[in-house]
Amino acid sequence: MKILKLEIAHIRGIPYLKIEPKGKSFVIYGPNGSGKSAVIDAIDFLLTGKIARLSGEGTDGVSLRDHGPHIKVVDLSKVEVNAEINVPGITENVSIARNMSKPNELVYDSKYEIQLAPIFELLNRGQFVLTRREVLKLITAKSSTRAQEIQKVLKLSNLEDIRKNLG
């Protein structure tokens, strides 16, 4: 999947931003506090309905609803991310969108359901990105608990249940 256009409205530190990478790699740079991580958060939100940095250990009291929108936005229906993507196996470009008022609902043309379902299943596992905290957790894990930490970070803990049921 390649991002052709990305439009971010009222996510974290970004009031509005439009990027057109046209399927190419792109670099985001700038000083601290300029919104680089907010672009990643917006892509994370678009693809998963979550912002990984706002969940997990050490984030007590932090919520997507309260901490995902730009500070000056009250109306969650204005907080959204839209993208035009290119997906192998689909000849046309596909538009996808997610709105903070309905974070669990990814909007796209249902005629692409069969081709997009496996992609979004993988994305919902969160395997496309590891935070610095998660990488450090794996590095510093004791050898006796490393396998469990890897399963937790990659959200694969259900594999052990499946293995036991198959056994």
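How many residues lie between strand 4 and strand 5 in their hairpin? There are two residues between them. The structure is a predicted model, in which local features need pLDDT of at least 70, side-chain atom pairs count only at pLDDT 80 or more, and totals for chains, interfaces and linings use all residues. Residues are numbered from 1 along each chain as its sequence is written, and side-chain values use heavy atoms, with hydrogens and water left out.

The chain holds six helices and five strands. Helices (H or I, at least four residues) and strands (E, at least two) are DSSP runs, numbered from the N terminus. Read from the N terminus, the order of elements is β-β-α-α-β-β-β-α-α-α-α.

The five strands make up an open sheet with the order 2-1-3-4-5 and antiparallel pairing. The edge strands are strand 2 (14-19) and strand 5, each of which pairs on one side only. From one strand to the next, the twist averages 10 degrees; axes here are lines fitted to C-alpha atoms, for helices over the stretch in contact, and angles run from 0 to 180 degrees between N-to-C directions. Two strands count as paired if DSSP finds at least two bridges between them. Strand 1 (residues 2-11) and strand 3 (residues 80-86) are antiparallel and share seven bridges. In this pairing A9 stands opposite E80 of strand 3.

Next comes the interior. Of the 167 residues of the chain, 34% count as buried, where buried means under 20% relative accessible area, exposed over 50%, and partly exposed in between (1.4 Å probe, protein chains only). The largest nonpolar core has 31 residues, and those with the most contacts inside it are L6, I8, I11, V81 and I96. At least two residues of this core come from each of strand 1, strand 2, helix 1, strand 3, strand 4 and helix 3 (113-124). Helix 1 gives the most to this core, with seven residues. Such a core is a set of buried Ala, Val, Leu, Ile, Met, Phe, Trp, Tyr and Cys residues joined through side-chain atoms within 4.5 Å.

Contacts can also be followed residue by residue, a contact being heavy atoms within 4.5 Å. Leaving aside residues up to four places away in sequence, I11 touches A38, A42, F45, G68, P69, H70, V79, E80, V81 and M100. Over the chain, residues 24 or more positions apart account for 51% of the contacts with a separation of 6 or more.

Which residues does D41 touch, not counting those up to four places away in sequence? They are R12, I51 and R53. D41 itself lies in helix 1 (residues 36-48) and is buried, with a relative accessible area of 2%.

R12 is placed in the loop between strand 1 and strand 2 and is partly exposed, at 24% relative accessible area. Its phi is near 45 degrees, a positive value in a residue other than glycine. Most residues other than glycine have a negative phi. H10, in strand 1, also has a positive phi, near 65 degrees, and counts as partly exposed at 24% relative accessibility.
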